[in-house]
Amino acid sequence: MVEWLIQTFRASYDVLYYATFTVAAFLLLSGLDDLFIDIYYWFHHLFNRRKFNRLRYESPEKLNQLPEKAIAVYVPAWHEQDVIDKMLINAVKTIQYRNYDIFIGLYPNDPGTIRKVEEVSRKFPNVHAVIADKPGPTTKADNLNQIHEGMIRWENKSGTRYDIIVMHDSEDVIHPMSLKVHNALVPEYDMVQMPVFPLDTEHMNLVHWTYADEFAENHTKDLFVRQHFSGFVPCAGVGTAFNRWIIEFVGSSYAKNIFRTKSLTED
């Protein structure tokens, strides 16, 4: 048996050699863009730091001096009864901003999550439950469309008009100053992505959470580089703020399908 395996390997050596070379060449080519980002980032970080990361050197006191624009926070939810109330309570108690409302997208066949959100909304009037007109689950994009319609209904009822729309998820821990940052950077920037960092986790989940480390790298390095070039700049789907006019511009073309409901991605 061993002799047969050795003979088979010898016979296929050339094929394996060229296959390995081909795969290695493709990996090299596909990694050139990442290499460019690394070189660009570290060069500017070391030799042009104040201009490259100019916002890092702004005075934090300026954030508190700016008038607060109205901000709407979107939180889609499906079977999140175990975390949604804790997330909302932590948010409203820690966010250092006054002029904001949180809209949670819910489904009529998810009574557990509805109950948790309504309990919080009775204590905090800036938390609003938006129950969809059809049962779930649907795509995240569809949920966001439902939230947007619910926000517009609340605007018509309350006379409020939101200038900034911020995306978050039901398990997020929102930084207390994040809305202050969005308020300062919009509308100079039509999209603002806050860095997303993983929380401490047990060593047993080390491999499971490697994608969270990739998030952190993207948001502390890659996005710095990509904002210097014209082209597509992705967002994480959480911690992202949009200028309201962008949403209205898209809405004028796609009506109730602002967020493309056929898209299955979370970003």
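The following legends describe close-up views of a predicted model.

**View 1. Lining of the largest pocket.** The largest pocket has a volume of about 1,300 Å³. It is lined by 34 residues, and those closest to its centre are Leu 55, Val 181, Leu 185, Val 192 and Phe 224. Two or more lining residues come from each of helix H3 (49-52), helix H4 (61-65), helix H8 (178-185), strand S5 (191-193) and helix H9 (210-226). Helix H9 makes the greatest contribution to this lining, with 4 residues. By residue class, the lining of the largest pocket comprises 19 nonpolar, 9 polar and 6 charged residues.

View 2. Among the 9 salt bridges of the structure, one joins the side chains of Glu 155 and Arg 244, with an N to O distance of 2.7 Å. Glu 155 belongs to helix H7 and Arg 244 to helix H10 (residues 244-254), so that this pair connects distant parts of the chain, 89 residues apart. Both Glu 155 and Arg 244 are buried. A salt bridge also forms between Arg 161 and Glu 248, whose closest N and O atoms are 2.7 Å apart. Because Arg 161 is located in the loop between H7 and strand S4 (164-167) and Glu 248 in helix H10, this pair ties together parts that are 87 residues apart in sequence. Arg 161 is partly exposed, at 46% relative accessible area, and Glu 248 is likewise partly exposed, at 36%.

**View 3. Salt bridge between Lys 221 and Glu 217 in helix H9.** The closest N and O atoms of Lys 221 and Glu 217 are 2.5 Å apart in this salt bridge. The two residues are separated by about one helical turn, because they stand 4 residues apart in helix H9. Lys 221 has a relative accessible area of 9% and is therefore buried, whereas Glu 217, at 41%, is partly exposed. In a separate arrangement, salt bridges with shared partners join Glu 155, Arg 161, Arg 244 and Glu 248 into one network.

View 4. Asn 218 is a residue of helix H9. Its relative accessible area is 27%, and Asn 218 is therefore partly exposed. A distance of 10.0 Å separates the C-alpha atoms of Asn 218 and Cys 235, which are 17 residues apart along the chain.

**View 5. Nonpolar surface patch that includes Leu 28.** Leu 28, Leu 29, Leu 32, Leu 35 and Ile 39 make a nonpolar surface patch of about 510 Å². Leu 28 is part of helix H2 (residues 13-47). With 57% relative accessibility, Leu 28 counts as exposed, since the cut-off for this class is over 50%.

View 6. The peptide bond from Gly 136 to Pro 137 is cis, and its omega is near 5 degrees. Pro 137 is placed in the loop between strand S3 (127-131) and helix H7 (140-158). Val 186 and Pro 187 are also joined by a cis peptide bond, with omega about 15 degrees. Pro 187 is in the loop between H8 and S5.

View 7. His 79 has a phi near 55 degrees, a positive value in a residue other than glycine. This histidine is located in the loop between strand S1 (71-76) and helix H5 (84-94). His 79 counts as partly exposed, with 45% relative accessibility.

Note on methods
Residues are numbered from 1 along each chain as its sequence is written. This is a predicted model: local features need pLDDT of at least 70, side-chain atom pairs count only at pLDDT 80 or more; totals for chains, interfaces and linings use all residues. Side-chain values use heavy atoms; hydrogens and water are left out. On a 1 Å grid over the protein atoms alone, a cavity is a set of points where a 1.4 Å probe fits but cannot get out, and a pocket is an open set with protein on both sides within 12 Å along at least five of seven lines; lining residues have an atom within 4 Å of a point. Grid points are joined across faces, edges and corners, and a volume is the space filled by probe spheres set on the points. Ala, Val, Leu, Ile, Met, Phe, Trp, Tyr, Cys and Pro count as nonpolar, Asp, Glu, Lys and Arg as charged, and the others, Gly among them, as polar. Patches are made of residues with over 30% relative accessible area and no salt bridge: like charges are joined within 9 Å, nonpolar side chains (Val, Leu, Ile, Met, Phe, Trp, Tyr) within 5 Å. Accessible areas come from the Shrake-Rupley method with a 1.4 Å probe; for residues, only the protein chains shown count as cover. A salt bridge is a side-chain nitrogen of Lys or Arg within 4 Å of a carboxyl oxygen of Asp or Glu. Buried means under 20% relative accessible area, exposed over 50%, partly exposed in between (1.4 Å probe, protein chains only).
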